[in-house]
Amino acid sequence: MNPVIKAINFRHACKQFDPEKKIEKAAMDLIMKAAHLSPSSFGLEAWRFMVISSDDVKKRLRPFCWDQPQITQASHVIVLMAKPGLTVPSNKYVTQNFKRRGLSDELTKAYIEKYKNHMETEVYPRMTSYAWASKQCYIALANIMTTAASEEIDTCPIEGFEKDGVEKILNIDTNLYEVSVIVALGYRAKEQPERRRFPFDNIVEYIV
Ligand SMILES: Cc1cc2nc3c(=O)[nH]c(=O)nc-3n(C[C@H](O)[C@H](O)[C@H](O)COP(=O)(O)O)c2cc1C
């Protein structure tokens with residue numbers, strides 16, 4: 001079987017982790033490498049990933065995550081944070097981001113202009129900078145889950161949390177970062193339940 005599909009088949013939203021089984025540092029480094037290498041729109045990388053293994057921090061976090069047991073049973077919890085402020089076209093970070101491509105000044109200027117136009121016409125009328133930066137975080141989330149699964153490590157993505165409470169308990173400077181999504185990682189305590197998906201042809205359309 002294709003190894004990526006094998007990992008995707010292994011992955012499920014794990015509801016019960018074995019609290020005794022901890023993920024090795026080398027495996028966490030591999031998983032975080034996948035997050036780090038994830039693509040982002042315009043290559044902005046307006047994100048930061050916090051990896052929590054402290055039992056004390058997980059315990060304090062859980063009440064703000066709908067009291068979901070995955071938070072404390074999991075070996076590690078990753079908090080994916082968006083950095084919406086960095087995406088503002090006038091921010092010098094945007095300029096620096098395009099400059100690092102090593103293009104001519106003229107092309108760099110053209111890219112920045114294209115970016116500004118895209119944000120003003122396509123993004124801002126539909127969503128906040130936080131929502132847009134958050135969308136990028138979900139790409140890293142998917143890579144985290146698939147890479148973990150390739151190492152037979154289980155995950156549960158978590159959107160069931162109170163953003164303000166999580167940011168407060170983790171002492172996050174919300175002028176810079178905003179929590180986008182959370183993922184718990186560890187080893188399953190129970191067998192994976194049967195997968196539920198609508199039929200392939202209802203979901204996938206080929207235009208030829
Ligand atoms: C962005 C996102 C957020 C989710 N949040 C939660 C959550 O807070 N708690 C939970 O138990 N499951 C959560 N899930 C898991 C979904 O319910 C699950 O992925 C879906 O039912 C499909 O099941 P499967 O992942 O096992 O194939 C979330 C999934 C995604 C993609």
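Colleague: How many salt bridges does the structure hold?

Modeller: A salt bridge is a side-chain nitrogen of Lys or Arg within 4 Å of a carboxyl oxygen of Asp or Glu. The structure holds 10 salt bridges. This is a predicted model, in which local features need pLDDT of at least 70 and side-chain atom pairs count only at pLDDT 80 or more, while totals for chains, interfaces and linings use all residues. Residues are numbered from 1 along each chain as its sequence is written, and side-chain values use heavy atoms, with hydrogens and water left out.

Colleague: Which residue forms a salt bridge with Asp 154?

Modeller: The partner of Asp 154 is Arg 188, with the closest N and O atoms 2.7 Å apart. Helices (H or I, at least four residues) and strands (E, at least two) are DSSP runs, numbered from the N terminus. Asp 154 lies in strand β3 and Arg 188 in the loop between β4 and α9 (200–203), so the pair ties together parts that are 34 residues apart in sequence. Buried means under 20% relative accessible area, exposed over 50%, and partly exposed in between (1.4 Å probe, protein chains only). Asp 154 is buried at 2%, and Arg 188 is buried at 17%.

Colleague: In what order do the strands of the open sheet stand?

Modeller: Strands of a sheet pair through backbone hydrogen bonds, either parallel or antiparallel. Two strands count as paired if DSSP finds at least two bridges between them. The open sheet of 4 strands has the order β1-β2-β4-β3, with antiparallel pairing. Its edge strands are β1 and β3 (154–158), each pairing on one side only. Between β1 and β2 there are 6 bridges.

Colleague: What span should helix α7 have?

Modeller: The expected span of a helix is 1.5 Å times one less than its number of residues. The 22 residues of α7 (residues 129–150) should therefore span 32 Å, and the end C-alpha atoms are 32 Å apart, which agrees.
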